[in-house]
Every structure is written in C-alpha cells, then in structure tokens.
Amino acid sequence: MLTLWNDENIKRPERSICYSLEPMYKGSIEGESLTSYIQRVSEAHSVAVSSLVKYLIFPTIYADDTQEYTNNKLYKSFYKSYALNGYNQQALFILHALRKLTCRKDLDDLTWLKIAPLLSQGDIKVSRHWCPACIYEQNNENIGYEKLIWSLNSVTLCLLHNCYLESICPLCKKENKQLDLFSVIGYCSKCNNWLGSNLVINNNTCKETTYWQKWVYKNVEELMKNEMQEFLNRENILDAVSNFLIKNFNPTNNSISNLASNMGFNRAVLAQWKSKHKKISFESLLKLSFCVNVSIGKILNKENEFSINRNQIRSIKKELFNKKSYIRLSIEEKRIALNQYINSEEYPPLKLSDVIKQIGYKSNESIRAFFPDECRLISARYKAYKSKEKSEQVKRIKQQINECVTTAYEEGKVLNKSYIQSKVKVGKQFVNHEIREHIKEVLENSLKDYH
C-alpha cells in the first residue's frame, strides 16, 4: 500500500557556507592561530583574505546589527589585526562568525581568550613572527599554517629547531601585519617572497635562552590546557599573587628584596604586588614563576600549599627578553656600516630610516648630524629609485590609455574621461598632471579623427 513520506521529523544536517576546515594541531602548544586559520579558509576558496573578511566574515558579525559595517571598520581590523589572535571582543566576534560559516565548534584554541585575564595589550606581538625552518618543513609536507604561540611577546624561539623567530622579510626588509589584505601563509604580504629557510636551524647558541623559553612554553601549555578559566579573573589573580608573596617572603625568612634582585625588579614593584596596588603583567608573572621554580598554575591555585626556601630562588638575566636594544658603535664603525649600504647592489634600495634601523639605531637625527654626506647619498639613491619607479608607472598608464581608443571602437562605446577611468583603474594616479594632460590629448586627437 502506498504511504506518503512525512519529512517533518527528519533532521537535516547543518550546512556550512565555507569549507569546514579542521584547525591544525588543536589543543597543542603547536596549535594554529586565528589569523592563520582565516588565511587557510580564504586559500581553500581561492579568494583573497580581504574578500573573505569583507563579503563573509563581517556581514556575519553585523547580521543582527541595525548599523551596517563601514570600510573604516573593515580596514581597522587589518590595521589592528594583532587583536584577532588576542583576548578582546574583536577575537570573540571573528570566532563567532567563523563558527557560523564553517559549522565548527572547536575553534576556541585559535586565540588567547582562554587566558585573557592574564594578558594585556603588550603581551601580544603587533607584527607577524614566524620560524623559517617550520615554514620550510611545512612546504615539503604540503601543509602550511602559523602557530598561535608565535604571536606571544614572551616567545622568541622555536624550540623544535632551536632558532629565533623572524619578523622582517629577508628580501624587502619590511615587517608584516598579523593579517593583511592579501596575506598568504609562508609568504611576505609586502613582496610575496617565500619566508621558509633551513639555514636558521640552531642559530641560537645560548643555553640560558633555551632554558628560559622552555619554561615559557611549558607554562603557556599548562595554562591553555588547565580547566581554571572560571577562576581566572583579575581580582583572583591579584589575590593569589599577593597571598603567595605574603606566605613565602618576609624579613625573617626570604626577603622580598632578594627575590626582586634575582628578578631584575625594583623592590617597590613587588611590594605593590604584595599589597595588591599594582596588576602583574604576564611576562612578570613568568619571571616570578621562573625565579621561584614554581609554575604559574600552582601560584594561582590557592589550594596548593608549598613553601619557598632561599636556596630555591634562581636569578634571570635581562638579556633573555625581547626588548629593543640599540647597538653602540664607534664613529668609524658607523661610517663603515653606512658605506656598506651606499655601495650595496641590493635592489630596491632601502630608505635612510630603514638603513638606520638595520644598523641598530632608533632615529636618524644623530646619524644625520655626524654623517650628512653619507645620509644624503643613501637618501638620493632611494629617491632616484622612487622617481624611476614613478616614471615607469606613468609610462605604463599612458600606454593603457592609448589602448582605450581601440577598445572603445571595438566595443562601440563613446571615448570620454569616464570610459578611460573605468578601463584604467589606477585610483589617485589620475590626479597626476602628466596623466591628465595625456588623457586630454588622447580625447582631442580622437575627436579630430572622428571629424
């Protein structure tokens, strides 16, 4: 007997708009970052990161908002893309959108949201960092992703290859944002140069740096895996650090001055932590845990009872931290360094401010005062390069404008300024006097030919 099929009670599987890519090494210290995941999703769909964010992620975020998102908000997200891997609302919004688009529920480990109360803005790197050896090996294995741990300011080494993380492209000498309009994993977003290399393995020869970085990795991994998110709030962190110092450091037993000296801090800073008058940064908490040889998790857990003896405290060197230090060179050494750039065949040439950063100085004021001739030559070389580049661009645009005459005839269109601008999309270049005059000349000649 024929019966009608009732499909009201059938549960249809949820369909994702984007490919449901699985995060790389989720739940591990080698896990993927959110900016890396966005790049992989865009690559899987053969679209630029800018298109994915503009046409899918942002509309999903603002779907229930009465106000439409603006280009200003869109480009601000790229300008401050370091926040995407961080711990604030921006990371939360992007995660929420990606969960909807990919139908994945396991994206929480792509950001630092799990340990958000421990972090501040200074704990997240503004620019993109990577391990060239990891990029090199990933390419050989046909996988590519960037690790979340690389975005933490306290992390300066890749422990797998015992090498320093890089932040400057070896070709164009520029830093990259964590996420750019046309970012591609493993490539510079400025010049598209590949960032992988196996020549950097074991370029760290300092055992103390390795020992310190192992401590950082170990503590971060414990915190990310530990189910103590409910306990982690700013008030509880202040209480825990204060109680730890009060119980273990007093004038008769361990002096707080001795601990401060081993940490490289002023005693007054630790006294403020003890009295809960000052928030402790994540890097300072790492230093405290290292010096007392107790993990951050144990320090923050009030249930753990332990005592610190004076012999247990160890010192930590200031040189281990990723601080901007500027090289002190003699006058003659500065002159030699500047002349190396003047005589270099590197192309494109660096501008003066980049040269000064390369030799380890913050500003060019003092260098200009002592070496006016050398600075003038470096600047002149860069200006000549920019002038030549602009001249070639103008020449190329003129050629494209000339081709518009034939194109307009073939398409049966009226040749005018609007038509040329629609075909030659170079934006502000039309403000250039030489190009404007050329357009005027092309239109006048076209009109003469017509008559």
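Predicted model: local features only at pLDDT ≥ 70, side-chain atom pairs only at ≥ 80, totals over all residues.
## Starting at serine 289

Leaving aside residues up to four places away in sequence, serine 289 touches Trp215, Asn219, Val294, Ser295, Ile296 and Ile299. Is serine 289 buried or exposed? Its relative accessibility is 0%, so serine 289 counts as buried.

## The chain as a whole

Now let's step back for the wider view. The protein chain has 451 residues, and 43% of them count as buried. How many helices and strands are there in the protein chain? There are 17 helices and two strands.

Contacts can also be sorted by how far apart the partners sit in sequence. Take the contacts between residues at least 6 apart in sequence: 70% of these join residues at least 24 apart.

## Helix α6 and what it packs against

Trp215 and Asn219 are among the buried residues of α6. Others on that list include Thr209, Thr210, Trp212, Gln213, Val216 and Tyr217, along with Val220, Leu223 and Met224. What do the buried residues of α6 pack against? They pack against β1 (157–158), β2 (163–164), α10 (282–292) and α11 (296–300).

## Helix α7 and its cover

Helix α7 runs over residues 234–248 and has 15 residues. Its reach from first C-alpha to last is 21 Å, close to the 21 Å expected at 1.5 Å a residue.

Which residues of α7 are buried? They are Asn236, Ile237, Asp239, Ala240, Val241, Ser242, Phe244, Leu245 and Asn248. The cover over these buried residues includes α8 (256–263), α9 (267–274), α10 and α11.

## Two helix pairs

Two packed helices are described by the angle between their axes and the distance between the axes. Start with helix α1 (residues 34–44) and helix α2 (residues 49–61), whose axes come within 9 Å and cross at roughly 90 degrees. That angle makes α1 roughly perpendicular to α2. On the α1 side, the contact is made by Ile38, Gln39, Val41 and Ser42, while α2 brings Val49, Leu52, Val53 and Ile57. Sorted by class, the contact of α1 with α2 has six nonpolar residues, two polar and no charged ones.

The other pair is helix α12 (residues 331–342) with helix α15 (residues 372–411), where the axes come within 10 Å and cross at roughly 25 degrees. Is α12 roughly parallel or roughly perpendicular to α15? The angle makes α12 roughly parallel to α15. Their crossing is left-handed. Here Arg335, Leu338, Asn339, Tyr341 and Ile342 in α12 meet Glu374, Leu377, Ile378 and Arg381 in α15. The residues of this contact divide into five nonpolar, one polar and three charged.

## A last stop in a loop

Valine 424 is found in the loop between α16 (417–423) and α17 (433–450), and with 2% relative accessibility valine 424 counts as buried. How do valine 424 and isoleucine 401 sit, in sequence and in space? They are 23 residues apart in sequence and 6.9 Å apart in space, C-alpha to C-alpha.

Terms used
Residues numbered from 1 in each chain as written. Heavy atoms only, no water. Axes fitted to C-alpha atoms, helices over the stretch in contact; angles between N-to-C directions. Helix = DSSP H or I, 4+ residues; strand = E, 2+ residues; numbered from the N terminus. Parallel < 35°, antiparallel > 145°, perpendicular 65-115°, else oblique. Left-handed = near helix turned anticlockwise from the far one by under 90°. Contact = heavy atoms within 4.5 Å. Nonpolar A, V, L, I, M, F, W, Y, C, P; charged D, E, K, R; others polar. Buried < 20%, exposed > 50% of the residue type's maximum accessible area, 1.4 Å probe, protein only. Expected span 1.5 Å × (residues − 1).
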